[in-house]
Amino acid sequence: MRIAYLECFSGMSGDMFLGALVDAGVPARVLEETVAALGVGARLEISRVLRSGISATKVNVWVDEQKDLPREEYWEEREHSQVHSHQEHSHSSDDQDKRGHPKHSHSHPGESSRAGVPAPHMPHEHSHGRGLTEIRGIISAAAISSSAKKTAIAIFEALGTAEAKIHNTSVESVHFHEVGAVDALVDIVCAAVGAEALGVDEIICSSLNVGGGMVKCAHGTFPVPAPATVELLKDAPVYSSGLQAELVTPTGAAIVKTLARRFASFPEMTIEKSGYGAGSRDFPAHPNVVRLVIGEAAPDASLAAKTATETITVLEANLDDLNPQVFGYVMDRLLEEGALDVFGMPVQMKKSRPGTLLTVLCKPEDGGKLTQLIFTETTTLGVRRREEMRQTLARRWENVLTQWGEVRIKIASMNGSVTNFAPEYEDCRRIAAEHHVPLKTVMQEAGRAYLGGAERP
């Protein structure tokens, strides 16, 4: 199986992903033709740059012959321009050059950033931004594959949904600059087309370095990562290296969350080629690049494509002075409060005392309340906690009819093929008690009903 591994140790933005695609072998003309097909007055500038000693491909988006800027640079330019504008209005004709023209400020007229907020006196300003309906229309009309259109629209919808939640509005009512900016449109559609051009079966992504500090955008000054970025990266592994900058943009987060099949550490693979995509800034001693590695997955690694990968929290506590009757009660309470699984193992503790190792598996967001429950209901003085990755088969439920009533069947499958099934214990136990039938008989009958394709309720 052919896979691509995206390493985001310096964050993730749309232009960095495009640079990595080109550097890894996607022909530049594929992206250039995609931009032309959008018909939005944009073009790409592709060059080689160094980022902390690493040679990488830099992709810049030009709109109406004005270059896009990262948010931080854009707002610095805007503030600088406003200061100069104020000075120009307050000074006399001494501020004009010998030709009678006003002196230049450091900003570039008409220049816009990914925030989509126009610089002062921007001639092609669209302060209303674009809504998703207009964006869907532009993408649908473009001469690109139907699958790339579907992917690009899905990325925009993910971005729009996140922004709608942050700003307390509906996704169809979102008219904001981050979605409407032409450079974001170019980044996202080119990302969809370029990912398809890679010809891989799966894109895997590393954990994401989100950065830190504060960032200015169209809606004000926000903490890094920006609220929309946090919303988009739910269930994704993230961290901050301490660098005070916005390393993962909302557009970058939407791209990686939609394109990546799963998040994992570097997979076992045979490397064929790699590429580096450069960010706009060059941080001292920190290579501002993303790396895209292409190759063949090891035979055992293909199992990951057939299963779901998720992060779970493991809680453990050693108990040597707890009433055994209470232990059963604690297990029930933990399951009632959302634990995925609870079990105990006999252990030999210090001073040769026999004890029990209590282990709880839960979702990371439930770790705090379940730890509190363990402290409250047991005699332990400490609870250990760690995060682990687990792979799970797809699971679903079906109901079958037996002569005594309905029984739920839990069915596990891999790539659409059923690998395991089991009657629900609680259903079978209830029926056995109500009808005075051996529990094993009820379970056997439910299994036969499922295998025989008996009538479903």
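Modeller: Rings of Phe, Tyr and Trp count as an aromatic pair if their centres lie within 6.5 Å. The model here is predicted, and a search of the whole structure finds 2 such pairs.

Colleague: What makes tyrosine 5 and phenylalanine 266 a pair, and why is it called tilted?

Modeller: The centres are 4.8 Å apart, and the cut-off is 6.5 Å, so the rings pair. The planes are 50 degrees apart. Stacked needs under 30 degrees and edge-to-face needs over 60, so the pair falls into the remaining class, tilted.

Colleague: How do you know that this pair ties together parts of the chain that are apart in sequence?

Modeller: Tyrosine 5 is in strand E1, while phenylalanine 266 is in the loop between strand E10 (262–263) and strand E11 (269–278), so the pair joins parts 261 residues apart.

Colleague: Are tyrosine 5 and phenylalanine 266 buried, partly exposed or exposed?

Modeller: Buried means under 20% relative accessible area, and tyrosine 5 has 3%, so tyrosine 5 is buried. Phenylalanine 266 has 37%, which lies between the 20% and 50% limits, so phenylalanine 266 is partly exposed.

Colleague: What is the other pair, and what puts it in its class?

Modeller: Phenylalanine 421 and tyrosine 450 lie 4.8 Å apart, centre to centre, with 40 degrees between the planes. Phenylalanine 421 is in strand E19 (residues 417–423) and tyrosine 450 in helix H14 (residues 439–451), 29 residues away. Phenylalanine 421, at 32%, is partly exposed, whereas tyrosine 450, at 13%, is buried.

Colleague: What makes arginine 408 a charge over the ring of tryptophan 397?

Modeller: The distance to the ring centre is 5.3 Å; the limit is 6 Å, and the charge must also be within 35 degrees of the ring normal. Arginine 408 is listed as lying over the face of tryptophan 397.

Colleague: What counts as a nonpolar core, and how many residues has the largest one?

Modeller: The members must be buried nonpolar residues joined through side-chain atoms within 4.5 Å. The largest core has 65 residues, and those with the most contacts inside it include Leu6, Met12 and Leu185. Helix H7 (residues 182–198) supplies the largest share, 11 residues. A separate core has 16 residues, among them Val360, Cys362, Ile374 and Val383. In general, nonpolar side chains in soluble globular proteins tend to be buried together.

Colleague: Which residues does leucine 185 touch, beyond four places in sequence?

Modeller: Leucine 185 touches Leu38, Val40, Ile135, Ile138, Ile139 and Phe156.

Colleague: What makes serine 352 and histidine 436 stand out in backbone terms?

Modeller: Serine 352 has a positive phi of about 60 degrees although it is not a glycine. Histidine 436 likewise has a positive phi, near 55 degrees. Exposed means over 50%: serine 352 has 56% and so qualifies, and histidine 436 has 73% and so qualifies. Serine 352 is in the loop between strand E14 (341–348) and strand E15 (354–362), histidine 436 in the loop between helix H13 (425–435) and H14.

Colleague: Where is a peptide bond cis, and how do you know?

Modeller: The bond from valine 224 to proline 225 has omega near 0 degrees and is cis. Proline 225 is in the loop between strand E8 (220–223) and helix H8 (227–232).

Definitions and conventions: Residues numbered from 1 in each chain as written. Predicted model: local features only at pLDDT ≥ 70, side-chain atom pairs only at ≥ 80, totals over all residues. Heavy atoms only, no water. Buried < 20%, exposed > 50% of the residue type's maximum accessible area, 1.4 Å probe, protein only. Helix = DSSP H or I, 4+ residues; strand = E, 2+ residues; numbered from the N terminus. Contact = heavy atoms within 4.5 Å. Phe/Tyr/Trp six-rings, centres within 6.5 Å; stacked < 30°, edge-to-face > 60°.
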